Amino acid sequence: MIKLVSIARKLNKSANTVALLEKRILGAGLSSRHSAIIRSANAAPMAARMAQLATQHWKNMNPLWGVEIPFEQPGALWIAPEAGQKNDNQWRQLEHSLQQEGIEFHSLTHTEAAELGQHAIKINQDEIYFHEPEALQLDPADILNALQNAATLNGIEVMEHTQVTGFDVDSNGRISAVHSNHGSITCDYVINAAGAWSPKLFAPLNIPIPISLEPVYVANFLVGTRDIPTSLPIIADFVHHAYFRRWRGSILHLHQPRARSSEAIAQAFSRGLMNPAGANIIYDPSNYVLNFDQLEAYLGKVKNRFIKARTPLYAGGYVSFFDITPDLRFILGKDSKIENLVHVLGAGQALKYAPIFGEIISDIILKGQVQHSQIDISEFSIGRFSDQAFDQFWSAHKRAENSL
C-alpha cells in the first residue's frame, strides 16, 4: 500500500490510475499485527542505510503521504551475550559498521546500561550493551488509519475482498492484465507486495518466489509502573531472545526476534511446503491466542530481565508471522523474467522500511531506476535465487547469529 501512495503522489492525480488489489481488508494481514518498532540497526550495511532513511521519513510523513503519523522516540537498548571472543567481535563489528553508515549505535558500560534502563533491568557481567537513541515506536492502529486516509487523499482505487486469480502476458513477455474475482484489470506495471501469498500467486507464470512464514508469538502483560517504568527504551534482548516495549499505559509488549540460523530457516521453508493452507493461516482465528507453554516461556523472559517483575497479568496475545527469504534479506526491484513486474517483500521487516521502499519502487516505475545516489538495491534482486538451486544456496550461505 505504501509503495502505491508514493507512486500516486508523484503522478499527482494524472490520467494514470493506481489500484490496490487487497485480498481481504487494507492492513488486515501482517501490518495489523506488527509491533511497529522502527530501528536502523541491521547487519547488512545497505539495509541499515535504507532503514535510517526510512526512520527519518517516519518522523515527517506528510511530504510522502500527505498525512502525519504520531511517533515516540524512546531509543533502544540492545543486549547481547559476551560468550567468548567470537561473539563479542561480531557485535563490535556491527557497532563499527553502523557507525560507518552514520547510524548512532554505541556500546555502553554496565553502569551506563543500568542508568538507561532506569535500574529496572538486570545487568549481568557476561553481557554487552549498546544504545540506539534514534529508534522509534509507532502504533499499528495509527499507521492503518493513516493508510486509509492517504489512499483517499491520493486517489488510489482500493479494491478490497479482491482475490487475484491469474495474469495475461503479451508477446513481449509483459503482464498486460490481472484477473480477479471482480473482473480483469489492464496494467502497465504490477507491484508484488503479496508476501507469503506470492509463491502460489506467481507459480503459473513460472516465477519461483522463495518466501516462507516463520511464526512469532506476541504477548501483552499488565505491569506496575513502579516495577517497569513507562519511559523505558525499547529492550532488544538477544540473551533471552525477546523484544520488550512499554505500550499503551501499563502494557509491556513482548515478542521474539526471527530465528537466524540456516537450520531454523530451512525448517520454516520445509513447514511451508507441507502446509496446504499457505499464507491463509494468518487469518486462522486460533492465531489470536497463546498456549500455556508459550505464555509460561514469556513470563520467564520478563522475570529474567526485569529486577522487580513479579508475576505480570496476561493482557492478551496472538500469533503473527515474519515472511522470510532464505538469506533473511528482502526481495526488492524488478523481476528477472518479466520486465513490468516489481517485487517488494520478504524478511519480515517491510513495515519498518515502508517509506523508503515506496520511494524506491516509485522511482523504478516512473524513472526507470532508483534515483537516490546512496541506495544500491542490486543485492536484494530476486535474481540471486533464480541463478542457483536451493540446495546449493543452503550450503553456500552461512548467516551470522547476530544478523538483525
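# Briefing: a buried strand and an aromatic cluster

A hairpin of six residues joins strand S17 to strand S18. The model is predicted. Strand S18 covers residues 341–345, and five of its five residues are buried. Among the rings, Trp78, Trp91, Phe105, Phe130, Phe238 and Tyr243 form one aromatic cluster.

**Strand S18 and its partners**

- Strand S17 spans residues 331–334 and runs antiparallel to S18. Four bridges join the two strands.
- Leu332 has Val344 in S18 as its bridge partner.
- Strand S11 spans residues 190–192 and runs parallel to S18. Three bridges join this pair.
- Asn192 stands opposite His343 in S18.

**Side chains of S18**

- In a regular strand, side chains alternate between the two faces of the sheet.
- Leu341, His343 and Leu345 point one way from S18. Val342 and Val344 point the other way.
- Both sets are buried.

**Aromatic pairs**

- The model holds 15 aromatic pairs.
- One of them is Trp91 with Phe238. Their ring centres lie 5.5 Å apart, with 70° between the planes. The pair is edge-to-face, because planes over 60 degrees apart count as such.
- This pair links distant parts of the chain. Trp91 sits in helix H4 (residues 85–100). Phe238 sits in the loop between strand S13 (234–237) and strand S14 (242–247). The two residues are 147 residues apart.
- Trp91 is buried, at 2% relative accessibility. Phe238 has a relative accessible area of 15%, so it too counts as buried, the cut-off being under 20%.
- Phe105 and Phe130 make a stacked pair. Their centres are 5.3 Å apart and their planes meet at 15°, so the pair falls under the 30 degrees cut-off for stacking.
- The Phe105 and Phe130 pair also links distant parts of the chain, 25 residues apart. Phe105 lies in the loop between H4 and strand S4 (106–108). Phe130 lies in strand S5 (residues 127–132).
- Phe105 is buried, with a relative accessible area of 1%. Phe130 is buried, with a relative accessible area of 0%.

**Charges over Trp247**

- Arg245 lies over the face of Trp247, at 4.5 Å from the ring centre.
- Arg248 also has its charged end over the ring of Trp247, 4.3 Å from the centre.

Terms used. Residues are numbered from 1 along each chain as its sequence is written. This is a predicted model: local features need pLDDT of at least 70, side-chain atom pairs count only at pLDDT 80 or more; totals for chains, interfaces and linings use all residues. Side-chain values use heavy atoms; hydrogens and water are left out. Rings of Phe, Tyr and Trp (its six-membered ring) pair if their centres lie within 6.5 Å; planes under 30 degrees apart count as stacked, over 60 as edge-to-face and the rest as tilted. Buried means under 20% relative accessible area, exposed over 50%, partly exposed in between (1.4 Å probe, protein chains only). A charge sits over a ring if NZ of Lys or CZ of Arg is within 6 Å of the ring centre and within 35 degrees of the ring normal. Two strands pair if DSSP finds at least two bridges between them.
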